[in-house]
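I opened the notebook to record what I looked up in this structure. My entries follow, one topic at a time.

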Amino acid sequence: HPVAVFLEDAGLSQYAKLLLQNGFDDMEVLFDLEDSDMKDLGIPRGHAIKLKRKLREYQLQEYAQEDTAHMYTAALHQQVARIRTPQRRGPSQIPASALSAV
């Protein structure tokens, strides 16, 4: 389960069952975990701070991966557009022989 894996990686696996039983059963819901929730669940303040820090780090990693994927996709689309779109020549790039024929 993604929440259990995240908590294991964060060194807080002892809270996996507690959080899952209380409806924090996917990462999106876990991101919304508030101080009051952790207090109500009996999570000590130090572990609550650690959990919030690890959640921020996880979100930043996710956003960075999304940004990288978006940049890669945009670059790929630009390359495809360049291949499909013939280059236009400006007036200075048109051979003189072609201009005199007009």
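**Entry 1**

I looked up Leu-7 and listed its contacts (heavy atoms within 4.5 Å). Leaving out residues up to four places away in sequence, Leu-7 touches Leu-12, Ser-13, Tyr-15, Ala-16, Leu-19 and Leu-51.

I noted the ground rules next. This is a predicted model, where local features need pLDDT of at least 70 and side-chain atom pairs count only at pLDDT 80 or more, while totals for chains, interfaces and linings use all residues. Residues are numbered from 1 along each chain as its sequence is written, and side-chain values use heavy atoms, with hydrogens and water left out.

Then I turned to the nonpolar core. The term means a set of buried Ala, Val, Leu, Ile, Met, Phe, Trp, Tyr and Cys residues joined through side-chain atoms within 4.5 Å. Buried means under 20% relative accessible area, exposed means over 50%, and partly exposed is in between (1.4 Å probe, protein chains only). Which residues touch the most other members of the largest core? They are Leu-7, Leu-19, Leu-30 and Leu-51, out of 19 residues. Helices H1 (2–9), H2 (16–21), H3 (27–31) and H5 each supply at least two residues of this core. Helices here are DSSP runs (H or I, at least four residues), numbered from the N terminus.

I checked which residues of H1 are buried. They are Val-3, Phe-6 and Leu-7. Seen down the axis of H1, these buried residues fall within an arc of 95°, so they line one face of the helix. The arc is taken from the directions from the helix axis to the C-beta atoms. I then looked at the face turned away from the buried side of H1. That face carries the exposed residues Pro-2, Glu-8 and Asp-9. After H1 comes Gly-11, and its phi is positive, near 80°.

**Entry 1: Tyr-58**

I found Tyr-58 in helix H5, which runs over residues 45–84. Is Tyr-58 buried or partly exposed? Tyr-58 is partly exposed, because its relative accessible area is 25%. I listed its contacts, again without residues up to four places away in sequence: Phe-6, Met-27 and Phe-31. Phe-6 and Tyr-58 are 52 residues apart in sequence, but 8.7 Å apart in space, C-alpha to C-alpha.

**Entry 2: Salt bridges**

I counted salt bridges (a side-chain nitrogen of Lys or Arg within 4 Å of a carboxyl oxygen of Asp or Glu). The structure holds three.

Arg-45 pairs with Asp-35 at 3.7 Å, N to O. This pair links distant parts of the chain: Arg-45 is in H5, Asp-35 is in helix H4 (residues 35–40), and they are 10 residues apart. Asp-35 also pairs with Lys-52, at 3.0 Å, N to O. Here too distant parts are linked, with Asp-35 in H4 and Lys-52 in H5, 17 residues apart. I wrote down that Asp-35, Arg-45 and Lys-52 form a network of salt bridges.

How exposed are these residues? Arg-45 counts as exposed because its relative accessible area is 52%. Asp-35 is partly exposed at 35%, and Lys-52 is partly exposed at 29%.

Lys-54 forms a salt bridge with Glu-57, with the closest N and O atoms 4.0 Å apart. Both lie in H5, three residues apart, about one turn of the helix. Lys-54 is partly exposed at 28%, and Glu-57 is partly exposed at 40%.
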